[in-house]
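Open the model in your viewer and keep the selection panel at hand. The stops below go one by one.

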Amino acid sequence: MSLALRLAAKGLGTASPNPMVGALVVNNSRIVGKGFHLRPGLPHAEILALRQAGSRARGATLYVTLEPCCHFRKRTPPCVPNILRSGVTRVVIAMTDPNPSVKGKGAAALRRAGLTVLVGVARDEAEKLNIAYLYWIKTKRPYVTLKAGMTLDGKIATASGESKWITGKQSREEVHRLRGQMDAVLVGIGTVRVDNPALTARIGRDLRKMRPRQPLRIVVDSALRISLNARILFQQRNAKTIMATTELASAAQKQALLKRGIEVLALPSVRGKVSLPALMCELGKRGVTSLLVEGGGELHAAMLKAKLVHHVRLYIAPMLLGGDDAKDVIGGRSPASLVSALRLHNVKTRLIEEDLVLEGDL
């Protein structure tokens, strides 16, 4: 099952909104077929593994990281009938699929057909791999990771907004890999106006080459103050942009953006700001299962206050900036007491060159 999970992970950044799934066919202690789900519309992991196994699947065991599907409400045929036709006699499943169309039904169908079915092998690892999918299925909202590069004293920019570069090159390369694994990235208009980021996921020397798959780019801009020359509005053929705004938006600016192929999403406002919970619901409806927040301190504070962040990853450089006027990683007002502080759980740390990477769950 460990190998099946490693195969499943190859779908990271491409399989969404489907789950990442890996499968192996084992006959007489030999792997005779393997596969993983690459992206929606392509064959599922079980189908690929069974195809590779061919006649060698008869009497074999199928290891799969997620319960095989048995419904037709999708682009590809259900897997259960193919498993039954293959001749495998035993199926080992890491976790049940929480999708109501599948939940328990796939395993039950296999058992009714006389196959031996074991569920729960490496369940924790399988659930961790597909944590975004599981959250999205349960809530219809994306699983949110807040990422920031910061100094030791919690600053993300100088008073003038300078932030390039606080962290090292290898940290920045990892962030681009992280973007490439996400369905979408989110920033506020303040970050766009100060940093003018492209927010694309890039690879290669000096990070100049675009990755084949790009996350959806989302800008929270309550009044559509964005400059039409902002870098995030370009490269729409490869990396789409959505402007999340409110009724305060200028009609003329909205039309100008629409002519450029930029989607403008009008959402309810809360005290003149875009309702972030409403935005999360809208993204969930669009199949966005994972979201990376790369905003400034104000957006970070708003997302945290609304309890919309599930995971935090901080890249901490061995640098002290100081000053009350430097930009903090979390803006807004501080809580009155430590009891109200947010505490991370399942904390892990590691080094990338001289930078410390700290991450944990909320």
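Is T61 buried or exposed? T61 is buried, because its relative accessible area is 12% (buried means under 20% relative accessible area, exposed over 50%, partly exposed in between, with a 1.4 Å probe and protein chains only).

Before going on, note that this is a predicted model: local features need pLDDT of at least 70, side-chain atom pairs count only at pLDDT 80 or more, and totals for chains, interfaces and linings use all residues. Residues are numbered from 1 along each chain as its sequence is written, and side-chain values use heavy atoms, leaving out hydrogens and water.

**Stop 1: around T61**

Stay on T61. It sits in strand β3, residues 61-64. Helices (H or I, at least four residues) and strands (E, at least two) are DSSP runs, numbered from the N terminus. Now show the contacts of T61, meaning heavy atoms within 4.5 Å. Leaving aside residues up to four places away in sequence, T61 touches L24, V25, V26, R90 and V92.

**Stop 2**

Select E46, in helix α2 (residues 45-53). With 3% relative accessibility, E46 is buried. Beyond four places in sequence, its contacts include V64, L66, P68, C69 and C79.

A disulfide is a pair of cysteine sulfur atoms within 2.5 Å. By this rule the model has zero disulfides. C69 is buried at 6% relative accessible area, and C79 is buried at 0%.

**Stop 2: the open sheet**

Switch to cartoon view. Find the open sheet of nine strands, in the order β13-β12-β11-β8-β16-β6-β17-β20-β19, with mixed pairing. Two strands pair if DSSP finds at least two bridges between them. At the edges lie β13 (263-266) and β19 (345-352), each pairing on one side only. From one strand to the next, the twist averages 20°. Axes are lines fitted to C-alpha atoms, for helices over the stretch in contact, and angles run from 0 to 180 degrees between N-to-C directions.

Zoom in on β17 (residues 311-317) and β20 (residues 355-361). They run antiparallel, joined by six bridges. Select I316: it stands opposite L356 in β20.

**Stop 3: rings and charges**

How many aromatic pairs are there? The count is one. Rings of Phe, Tyr and Trp (its six-membered ring) pair if their centres lie within 6.5 Å; planes under 30 degrees apart count as stacked, over 60 as edge-to-face and the rest as tilted. Select Y135 and Y143: the ring centres are 6.2 Å apart and the planes stand at 70°, so the pair is edge-to-face. Y135 is partly exposed at 23% relative accessibility, whereas Y143 is buried at 12%.

Finish with two charges over rings. The rule asks for NZ of Lys or CZ of Arg within 6 Å of the ring centre and within 35 degrees of the ring normal. K140 lies over the face of W136, 4.1 Å from the ring centre. R260 lies over the face of F234, at 4.9 Å from the ring centre.
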